[in-house]
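Please look over the following model together with its sequence.

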Amino acid sequence: MRNTTLYTSECLFIEGGQRLKGSVRISGSKNASLPVMMSSLLTDQVCEIHEVPHLLDVESTIELLQVLGVDVSYDGGCVRIDPSKVNSFVAPDNIVRRMRASVLAMGPLLARFGRAVVAMPGGCSIGVRAIDQHIKVFEKGGTFVRVEHGYIHLEVERIKPVEYTFEVVTVTGTENALMFLSRCEKRSILRNIAVEPEVIDLVEVLKSMGVSIEIEGRTAIIKGNAELKGFDHKVIPDRIEAGTFLVAGFMTGGDIELENVRVEHLGSVIEKIREAGACVEILAPDKLRVRSEGDGIRPISISTSEYPGFPTDMQAQFMSMCCIARGSSEITENIFENRFQHVAELQRMGADIHVKGRTAFIRGVKKLTGAEVFSTDLRASASLVLAGLVAEGRTIVREIYHLDRGYEKLDEKLKGLGALIQRRPTFDIT
Ligand code: EPU
């Protein structure tokens with residue numbers, strides 16, 4: 001495992017102007033791996049998870065499981081988890097602060113042990129990100145909740161079946177609720193659930209453990225099982241990494257193939273990039289080719305929404321692309337209230353962007369110019385790397401630990417496609 005502190009002091013040097021060419025393999029999904037790893041807490045049997053990407057968020061999840069007493073090993077993308085000796089129910093502040101997805105420990109800990117203590121996640125750089133919906137499901141199921149000294153204490157004697165309609169569609173909220181109810185043998189109904197592919201991947205795992213889950217539209221009917229089995233699972237490919245490479249291939253005027261994708265998870269992203277003029281060929285259900293036909297980027301209009309709509313996690317990358325489109329684009333962010341932090345950094349590179357409320361108006365410019373820019377969150381960092389690939393001259397992207405939280409070897413993969421990109425310690429900047 002890599003040394004996290006070392007990583008925080010690195011940056012990327014990018015010389016723009018190379019057309020990307022070649023083939024790239026997409027890694028397993030970060031946002032599928034994290035809940036699936038947490039779901040191992042539901043059983044006392046060994047679980048094996050394959051295609052888990054090597055990322056800081058995966059390291060943090062492993063650390064959290066180990067703090068709880070779980071035996072975890074990670075080798076070449078395979079995580080082996082022996083959860084038979086859990087001896088703590090506390091997700092400590094230092095890990096929750098680093099990774100909000102730590103709240104996913106609540107559901108399975110409550111289900112198996114009837115208790116969980118998790119540091120309050122607080123705000124994060126992309127918005128408030130409340131967890132009230134997670135808590136409401138736990139309370140409906142009979143959980144007593146109190147907040148003390150910065151920690152949420154949850155306790156339940158016997159989980160009651162739940163009938164609940166989510167007030168907002170929440171990905172980790174749905175995942176936590178499903179795990180919470182998965183040992184309750186009476187029938188529960190959840191309405192207005194998130195149906196992101198990562199949620200469905202978790203559903204597959206829970207089913208293989210012995211839970212009965214039926215999903216119809218945005219409704220889930222769950223009949224749990226008090227004796228859950230271990231599992232062997234391969235996580236789905238990362239649709240956001242795939243989308244990021246689609247944008248990279250197209251906006252650099254390149255021609256690249258993406259391997260290990262699930263085309264059916266990329267519908268709205270493929271539709272939008274085609275609208276912008278990209279030629280996307282579906283070579284197989286797990287293989288795509290994207291190329292530019294040489295007549296630039298058409299302006300587009302995007303509005304983020306829950307799956308199957310356009311993902312908020314692709315908004316920043318598309319914005320970089322719109323910066324050099326032939327005309328004015330509009331991007332409306334409907335999921336998070338503060339997810340335009342990349343705008344100020346893109347402006348440093350010459351982008352013409354104006355934000356009003358939840359909408360960014362982007363007037364395409366002829367070229368971006370390289371600059372020193374700061375990563376503020378994971379997807380914002382990716383957007384700056386993309387901008388650097390097409391900017392004139394050198395771009396230095398700092399604080400790339402954000403990038404390392406969620407993209408496996410992004411710099412090495414881009415280098416393999418012909419990008420001039422180098423990872424260096426920050427003190428190397430002259
Ligand atoms: N919300 C509430 N109450 C809740 C839960 C959510 O008001 O109890 C609100 C949030 O504040 C937000 C909206 O509902 O405005 C959607 O939030 P959601 O809960 O769906 O987000 P999340 O589960 O915390 C996951 C991904 C994010 C991704 C979002 C939306 C993981 C680990 N994280 O977050 O991924 O942006 O869903 O699709 O699955 C990323 O990978 O860069 C990332 C941020």
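## Basis of the model

This is a predicted model, in which local features need pLDDT of at least 70 and side-chain atom pairs count only at pLDDT 80 or more, whereas totals for chains, interfaces and linings use all residues. Residues are numbered from 1 along each chain as its sequence is written, and side-chain values use heavy atoms, with hydrogens and water left out.

## The ligand and its shell

The ligand is surrounded by 22 residues, a residue being counted as near if one of its heavy atoms lies within 4 Å; the closest are T170, T172, D313, I335 and R379. By class, the shell divides into 10 nonpolar, six polar and six charged residues, where Ala, Val, Leu, Ile, Met, Phe, Trp, Tyr, Cys and Pro count as nonpolar, Asp, Glu, Lys and Arg as charged, and the others, Gly among them, as polar. At least two shell residues come from each of α2 (30-39), α6 (132-140), α7 (171-181) and α13 (378-390), and α6 gives the most, with three residues. Helices (H or I, at least four residues) and strands (E, at least two) are DSSP runs numbered from the N terminus.

Oxygen atoms of the ligand lie 2.6 Å from a polar side-chain atom of D313, 2.7 Å from a side-chain N or O atom of T170, and 3.2 Å from a polar side-chain atom of K30; a polar contact is a pair of N or O atoms within 3.5 Å. Taken alone the ligand exposes 830 Å², of which the protein buries 87%, with areas from the Shrake-Rupley method and a 1.4 Å probe.

## Helix α5

Helix α5 (residues 106-113) is mostly covered, since seven of its eight residues are buried, namely M106, G107, P108, L109, L110, A111 and R112. Here buried means under 20% relative accessible area, exposed over 50%, and partly exposed in between (1.4 Å probe, protein chains only). The buried residues of α5 pack against α2, β7 (115-119), α6, β9 (151-155) and α7, and just after the helix G114 takes a positive phi of about 75°.

## A buried strand residue

T395 is found in strand β23 (residues 394-398) and, at 0% relative accessibility, counts as buried. Leaving aside neighbours within four places in sequence, T395 is in contact (heavy atoms within 4.5 Å) with L12, F13, I14, M349, G370, A371, V373 and G388.

## Aromatic pairs

A search of the whole structure finds four aromatic pairs, defined for Phe, Tyr and Trp (its six-membered ring) by ring centres within 6.5 Å, with planes under 30 degrees apart counted as stacked, over 60 as edge-to-face and the rest as tilted. One of them is the tilted pair of F89 and F113, at 5.1 Å centre to centre and 50° between the planes. This pair links distant parts of the chain, 24 residues apart, with F89 in the loop between β5 (78-82) and β6 (90-91) and F113 in helix α5. F89 is buried at 16% relative accessible area, whereas F113 is partly exposed at 27%.

## Backbone geometry

Most residues other than glycine have a negative phi, and most peptide bonds are trans. A cis peptide bond joins Y307 and P308, with omega about 10°, and P308 is placed in the loop between β18 (301-303) and α11 (315-322).

E51 has a positive phi near 65°; this residue lies in the loop between β3 (47-50) and α3 (56-67) and is partly exposed at 24% relative accessibility. H149, likewise not a glycine, has a positive phi of about 50°; H149 is in the loop between β8 (144-148) and β9 and is exposed, with a relative accessible area of 76%.

Conventions. A polar contact is a pair of N or O atoms within 3.5 Å; within protein, one must be able to donate a hydrogen and the other to accept it, and residues adjacent in sequence count only if both atoms are side-chain atoms.
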